[in-house]
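Work through the exercises below with the sequence and the coordinates side by side, and try each task before reading its solution.

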Amino acid sequence: MTPIRVMAPATTANMGPGYDCLGLALDLWNRLEVAEGPKNPDGKPLVEIVGEGAGELATDGENLVYRAMGFLFREAQRDMPPLRLRCHNEIPLERGLGSSAAAIAGGLVAANALCDGVFSPNDLLEMAATIEGHPDNVAAAVLGGLQLVIADEDQLYTAPISVPAGLNAVLFIPELRVATSDARAVLPEMVTVADAVYNMSRAALLMAGMASNRPEYLGVATQDRLHQPYRQPLFPAMKLLFRAARDAGALGVFLSGSGSTVLALTQGREMTVAYEMAEAARQASVAGRVRITQPTAQGAHLVDS
């Protein structure tokens, strides 16, 4: 068979107030190469990991990319042929940048290509959400851009939201990892009406500000009371990085997904914001790195050889 090559983007979810319903694709990519090839002598598929996750991600049938491919083949009622996978990963693990969503989206797009494109992008999204367990990251990873996604019983509803031109994302990526399960475990079962209204109003303002090209709204619109305050103990330096980004000129700042990455939205002064975030982290004895990127309208997609 002709080798299949796929790129899948990093994503940031929640964006402050949009807990579990907003996701944005970022111009930071994992690359997947799929070729026909023999299985290992012990019968396990051959999966090679290069970059992030090398030496720690599964290289057998438990690999998430491979599992996503198998899921689609079963949905298509086809047998998956012997395959060799090579994953070139740039998305850090357990940092709130959607590494698992990228793995799932990339695997589904590759498998769909091998099944002659039998499934639509919405079909792929439904599968990805089933595998991932929540739809915010996978909606952006599959469809690209900024996506509002909600689940109503067994149905997913998505709506793309435009992003202002020239909007950039400054990431501070700590060495500290935060598992999604740990970040969810600290959240309360119930919240006050006041906090619910606080977040609903800001999530609405965030979508309106994006769609109407009013970036001046983003400072208020990225505020949150539903998850970030409760996750503060997992990453105590979070508030210091927030303050440093705002003081340096960021339009808005929030915990990316469940963390530990802090993401600042900017339209200019990116280097200053990056420097000040890194300096705040240094003063707090938090090791990490900065990266400047931007939103991307593309989700996971096939690429030419």
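**Exercise 1. Find which ring the charged end of R202 sits over, and at what distance from the ring centre.**

Solution. The model is a predicted one, in which side-chain atom pairs count only at pLDDT 80 or more. Turning to pairs between aromatic rings, the count in the structure is 0.

**Exercise 2. Determine how many disulfides there are, and describe the surroundings of C115.**

Solution. Begin with the cut-off, since a disulfide requires two cysteine sulfur atoms within 2.5 Å. The count by this rule is 0. For C115, the nearest cysteine sulfur belongs to C87 and is 18 Å away, and C115 is in no disulfide. Next consider accessibility, where buried means under 20%; C115 has a relative accessibility of 1%, so this cysteine counts as buried.

**Exercise 3. Describe the fold of the chain as a whole, from its elements to its surface.**

Solution. First list the elements: the chain has 10 helices and 11 strands. Its radius of gyration is 19 Å, close to the 19 Å given by the globule rule for 305 residues, so the chain is as compact as a globular protein of that length. The C-alpha trace spans about 55 × 40 × 40 Å along its principal axes. Then look at the contacts with a separation of 6 or more, 74% of which join residues 24 or more positions apart. Finally, 50% of the 305 residues are buried, while the chain exposes about 13,600 Å², of which carbon and sulfur atoms supply 51%.

Note on methods:
Residues are numbered from 1 along each chain as its sequence is written. This is a predicted model: local features need pLDDT of at least 70, side-chain atom pairs count only at pLDDT 80 or more; totals for chains, interfaces and linings use all residues. Side-chain values use heavy atoms; hydrogens and water are left out. Rings of Phe, Tyr and Trp (its six-membered ring) pair if their centres lie within 6.5 Å; planes under 30 degrees apart count as stacked, over 60 as edge-to-face and the rest as tilted. A charge sits over a ring if NZ of Lys or CZ of Arg is within 6 Å of the ring centre and within 35 degrees of the ring normal. Helices (H or I, at least four residues) and strands (E, at least two) are DSSP runs, numbered from the N terminus. The radius of gyration is taken over C-alpha atoms; the globule rule is 2.2 Å times the number of residues to the power 0.38. Buried means under 20% relative accessible area, exposed over 50%, partly exposed in between (1.4 Å probe, protein chains only). Contact means heavy atoms within 4.5 Å. Accessible areas come from the Shrake-Rupley method with a 1.4 Å probe; for residues, only the protein chains shown count as cover.
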